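Work through the exercises below with the sequence and the 3D view side by side. Try each task before you read its solution.

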Amino acid sequence: MNQLAHPTIRKFDAIIVGAGGAGLRAAIQLSESGLKTAVISKVFPTRSHTVAAQGGVAASLGNSEEDSWQWHMYDTVKGSDWLGDQDAIEFMCRKANEVVVELEHYGMPFDRLENGKIYQRPFGGHMSNFGEKPVRRACAAADRTGHAMLHAMYQRNVRANTQFFVEWMALDLIRDIDGQVLGVTAMEMETGEVVIFQAKATLFATGGAGRIYYSSTNAFINTGDGLGMAARAGIPLEDMEFWQFHPTGVAGAGVLITEGVRGEGGILRNSTGERFMERYAPNAKDLASRDVVSRAMATEIKEGRGCGPDKDYLLLDLTHLDPKTIMQRLPGIREISLQFAGTDPIKESIPVVPTCHYMMGGIPTNYHGQVVVTKDGRHDAVVPGFYAAGECACASVHGANRLGTNSLLDLLVFGKSAGESMVSDIKAMPAAHKELPQDGSDLARSRLARLENQQSGANVHEVQLAMRRVMQDHCGVFRFPDMLAQGVTKILEVEKQVMVTEIRDKSQVFNTARLEALELDNLIEVAKATMVSAEARRESRGAQAREDFPDRDDANWLKHTLWHREGNRLDFKPVQMKPLSVDSIELKKRVY
């Protein structure tokens with residue numbers, strides 16, 4: 001690893017870390033503006049985790065029935081349990097139609113209605129006329145929407161001459177004495193070579209960190225790399241207690257079954273065959289918000305109405321649907337069910353269970369995609385040269401619970417917005433790059449040296465497993481006071497093991513164990529932030545459901561959590577209740 005002493009420096013106008021939906025959308029904006037843009041990705045861009053998004057992208061196009069961005073905004077604020085910032089939510093919902101039509105023009109193969117317009121399906125929590133009845137708002141490409149989106153945007157980037165560094169892992173941020181971000185250190189996976197990528201603007205679009213949990217719909221690459229790098233560079237992480245558990249992961253496998261199945265008419269049933277969601281959400285039923293459905297399912301299982309020999313899962317019933325509908329609208333879901341559950345949904349129900357799915361918190365940003373840190377508890381200051389978009393960022397449009405299909409919308413709106421901000425900021429800068437600090441790569445050097453020189457210690461896989469078990473057992477769908485307190489203690493014990501993880505096979509320049517150890521450095525930061533923030537928030541709101549504080553407490557907890565790595569401490573900042581141009585959506589009880 002001696003190349004670390006004098007690493008190669010590669011200079012660009014803009015660096016994007018992550019080649020999923022947000023990274024690719026930002027890259028289009030930058031490259032088409034004539035800026036020299038590099039995208040660093042652990043995997044080939046079309047294998048980024050956006051590829052797994054199935055159900056659709058939300059936009060109030062009104063192609064099947066009347067719709068409005070204000071109804072969409074109301075649903076998003078309500079879905080967030082009022083923890084979302086209403087200025088950012090208005091921005092996202094107003095921009096939705098524009099970014100979806102742009103995507104269509106990039107060649108996205110949306111399903112079509114008879115009249116040629118984009119097909120839209122109902123989705124959980126999306127309602128017309130401020131919560132009156134379900135509305136068709138999810139623009140879909142069968143049940144492979146994310147896959148189609150990535151391919152369309154990757155091809156657009158190829159046309160725009162975006163430069164991709166595939167199978168590279170970003171290691172750490174480089175900041176100067178004034179706090180400006182000047183780029184990242186990154187390692188080529190094949191050779192182990194470490195390079196400094198210097199840029200006038202750096203965007204993190206590194207996705208989620210669902211791999212902190214034992215049972216997750218997330219890919220193995222979703223290790224919270226952006227969050228770990230930001231935390232080590234002194235940036236706090238916002239609202240990390242809020243993790244969405246998707247109601248329908250395949251029991252025993254965790255593979256996602258899209259909410260679009262219920263949008264097409266699928267029904268959740270318990271061991272008696274009852275459509276139990278009618279008891280929990282009489283109006284929206286199976287299309288209630290995800291946290292509501294997940295908790296209902298967990299309750300059914302807890303009270304003994306689960307299915308199977310261990311009564312530990314429920315059934316998603318599609319057998320009453322026309323087989324043609326399943327083959328046309330849900331072909332991938334049938335394939336997943338056959339492969340991972342051994343059932344054909346045309347003939348029998350799919351066994352499902354709530355599974356960790358999406359991170360609502362992340363790196364704090366404004367709706368321009370700029371990373372912001374809170375000064376004096378109220379004032380947000382922009383971190384110069386640093387931007388974030390997509391699941392790794394917290395704008396905050398999802399608040400305490402994200403509505404389905406708002407994730408793909410988030411990627412498009414804030415990927416584009418961050419790209420526009422970067423173009424504007426770069427063009428206002430001097431032509432020359434700033435001088436890098438002497439110790440710019442020190443952090444990456446010390447982390448790699450620690451792994452190389454460790455003589456005896458914990459096995460990476462064993463420590464990862466211990467972390468995931470602690471998170472699953474102590475910070476899941478339901479949260480109990482004694483379990484949370486124990487969870488904080490246990491996750492700090494796991495952190496001590498992380499610091500002495502050992503690479504057992506040092507005979508090769510490259511091995512997967514080294515990468516997994518570097519990913520574990522990031523995962524443990526996310527796990528600490530999550531556990532500490534969850535234990536501190538003494539209320540139930542959205543995805544945070546505490547047995548000892550079962551109600552939402554707006555008087556004391558209508559505020560964002562900010563976790564700082566230094567001292568493992570928390571700060572708080574108020575929720576932005578004022579939208580950009582319309583009246584605030586006032587607090588009320590959240591029912592479906």
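**Exercise 1. Find the contacts of Glu525, leaving aside its neighbours within four places in sequence.**

Solution. Note that you are looking at a predicted model.
- Step 1: Select Glu525. Its contacts beyond those neighbours are Gly228, Arg232, Trp563 and Arg565.
- Step 2: Glu525 sits in helix α15.
- Step 3: Decide whether Glu525 is buried or exposed. Its relative accessibility is 4%. Buried means under 20%, so Glu525 counts as buried.

**Exercise 2. Examine the salt bridge between Arg552 and Asp81. Where does each partner lie?**

Solution. 
- Step 1: Check the distance. From N to O, the side chains of Arg552 and Asp81 are 2.7 Å apart. The cut-off for a salt bridge is 4 Å.
- Step 2: Locate both ends. Arg552 is in the loop between α15 (512–536) and α16 (554–557). Asp81 is in the loop between α2 (69–79) and α3 (86–105). The two residues are 471 residues apart, so this pair links distant parts of the chain.
- Step 3: Arg552 has 23% relative accessibility, so it counts as partly exposed. Asp81 has 6%, so it counts as buried.

**Exercise 3. Examine the salt bridge between Arg121 and Glu264. Which parts of the chain does the pair tie together?**

Solution. 
- Step 1: Read the distance. It is 2.9 Å, N to O.
- Step 2: Arg121 belongs to strand β4 (residues 120–128). Glu264 belongs to the loop between α6 (260–263) and β12 (267–269).
- Step 3: Draw the conclusion. The pair ties together parts that are 143 residues apart in sequence.
- Step 4: Arg121 and Glu264 are both buried.

**Exercise 4. How many salt bridges does the structure hold, and which residues join Arg552 in a network?**

Solution. 
- Step 1: The structure holds 48 salt bridges.
- Step 2: Look for shared partners. They join Arg552 with Asp81, Glu241, Asp291, Arg295, Arg537, Glu539, Arg541, Asp554 and Arg590 into one network.

**Exercise 5. Describe the open sheet of four strands. Which strands are at its edges?**

Solution. 
- Step 1: Write down the order. It is β11-β14-β13-β12, with antiparallel pairing.
- Step 2: Find the strands that pair on one side only. These are β11 (243–250) and β12.
- Step 3: Follow the twist. It averages 45° from one strand to the next.
- Step 4: Take one pairing. Three bridges join β12 to strand β13 (residues 314–317). In β13, Leu315 stands opposite Arg269.

**Exercise 6. Compare how β9 and β16 pair with β17: parallel or antiparallel?**

Solution. 
- Step 1: Three bridges join β9 (residues 194–204) to β17 (residues 379–388), and these strands run parallel. Leu203 has Tyr387 as its bridge partner.
- Step 2: Five bridges join β16 (residues 370–375) to β17, and these strands run antiparallel. Thr374 has Asp380 as its bridge partner.

Conventions: Residues numbered from 1 in each chain as written. Predicted model: local features only at pLDDT ≥ 70, side-chain atom pairs only at ≥ 80, totals over all residues. Heavy atoms only, no water. Buried < 20%, exposed > 50% of the residue type's maximum accessible area, 1.4 Å probe, protein only. Pairing = 2+ DSSP bridges. Axes fitted to C-alpha atoms, helices over the stretch in contact; angles between N-to-C directions. Contact = heavy atoms within 4.5 Å.
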